[in-house]
Amino acid sequence: MYNKGTIIPGLVIFVLLVTFPIWFNAFSTASTVPKIELPPGGEKECVASATEMRAKHMVLLNEWRDDVLRSGNKTAVTVGGKEYRRGLQTACMQCHTNKDKFCDSCHTYTSVNVYCWDCHLTPDVAAAKKEKH
Amino acid sequence: MKYAFSFLAVIALILIAWLGSQIPGMPYLFGVALPYLAMIIFLGGCVYKVVQWAKSPVPFPIQTTCGQGKSLDFIKHNRLEAPSTNGEVVARMFLEVVTFRSLFRNTKSEIHEGPYITYESSKWLWCFALIFHYSFFSIVVRHLRLFLDPVPAWIGWWEFVDGLFEVGAPTWYISDVGLVVGCLLLFSRRLITRHVRYISLVNDYFPLVLIFAVAVTGILMRFFLRADIDIVNIKQLTVGLVTLSPVIGAKIGAIFYIHVFLVCVLIAYFPFSKLMHFAGVFLSPTRNLRNDSRAVRHINPWNPKILPHSYAGYEDEFREFMVNADIPVEKELTPSKDE
Ligand code: HEM
């Protein structure tokens, strides 16, 4: 083999780069798999089955946003006999009141950056604002 | 025919993964065994290829240059185009890898009436290649979020920039569009340009179609076929893969296995395909040699070892026989002492 001095370090760097996730995980403390807090209000059902929500809640939110803001379809959603106004703050966050322990426990684990909260208010912030006025 | 075959092969692969992953127990084949196998083939194959290349001697200094080589002091040396030191070679190689300068020089030649020939600059290939490769790279980096736990902050920044347009939920990424468009452009280039179509083979079309299918299944999974695509569950599998303790928890939709199976085929095929140009670019003697053939002698490594033999040495060796045969010699035989 010619040019051993560059070929071998080059190959070592290549193999280390490709297997980077193995080293990274071996030398870092794994975060615990998200343990979400179910609605503290005691509700038992979500707007759809739990499996469906886990997989599709962002699609659903997107559809609702279009429904409400573009088609003007503001029909309420009924879950477990109770009516909720179609919306992020007006439905989801009424039951899932703790964003940090619910939404974010999954999102942090999977590095999802939910920018909705740039404008929408989490229940905590909304409550704090109400007190001020 | 050549492109039809590539499409048929990819459709067959999709069907295998789709139907196969529905058989009980088979998810472990498609989600665990094949990814490991493909990764081993990829690493082993790439190392094998590079070692094989490194064993081939370079008989001549064949660097391609496109500028004034180093010469007399008053002649301006083009350091990037005709590098004469290792540092300059590294700089040239870096720009080649990062900006594809040699594709930038692509020209189109045409014969006009006369007949005379014209050359004109043609940047399409360069442009398509940039779109394609950078999108691919960005997607691979973003996929690290599935394999690293905890996810480092810089991956979040990368996702932010790539998803800057904030269209839809989950967000569309610029690189998703880039990869699909890049594949389509590179594929149409092979179909539309007549002389490129003439020299294109199945092993040019197949990787393009395969990568296109990987991208399309990924996009379908993220935006359209979300049934049973719970990323938390999938991440437990993918982190399991890299911590060597994989488990499949809840059921995962077939589109995931199709995506992963196509990726497995891609990376197992990688070392034996033209895709190896990712390593080949570093081992091209036309680019990685110094342009110093007038200052340093390039010795062909396969030359037999022939030592120089001067006339004086020749005479020393055969003087006795020469004297016997009456051939004139420059130095007479020294009479031995005991005579
Ligand atoms: C050559 C390598 C690969 C390419 C080009 C590729 C391409 C893509 C593309 C274009 C997407 C669409 C969404 C996005 O850009 O994030 C995607 C999504 C996805 N890919 Fe890949 N992929 C590759 C390898 C893998 C591997 C090895 C896995 C796991 C074992 C994987 C799992 C996934 C998953 C789970 C999604 C859905 C992500 C989501 O819903 O947010 N991919 N892929």
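Start with the contacts in chain A, where contact means heavy atoms within 4.5 Å: among those between residues at least 6 apart in sequence, 53% join residues at least 24 apart. This is a predicted model, in which local features need pLDDT of at least 70, side-chain atom pairs count only at pLDDT 80 or more, and totals for chains, interfaces and linings use all residues. Residues are numbered from 1 along each chain as its sequence is written, chains are lettered from A and ligands numbered from 1 in the order in which they are written, and side-chain values use heavy atoms, with hydrogens and water left out.

Now show chain A as a cartoon. You'll find the pattern α-α-α-β-β-α-α-α along the sequence, from DSSP runs numbered from the N terminus (helices H or I, at least four residues; strands E, at least two).

Zoom in on the ligand's oxygen atoms. One is 2.4 Å from a side-chain N or O atom of B:D176. For B:R145, a polar side-chain atom sits 2.5 Å from a ligand oxygen, and for B:R142 the distance is 2.8 Å. The cut-off for such a polar contact is a pair of N or O atoms within 3.5 Å.

Notes. A polar contact is a pair of N or O atoms within 3.5 Å; within protein, one must be able to donate a hydrogen and the other to accept it, and residues adjacent in sequence count only if both atoms are side-chain atoms.
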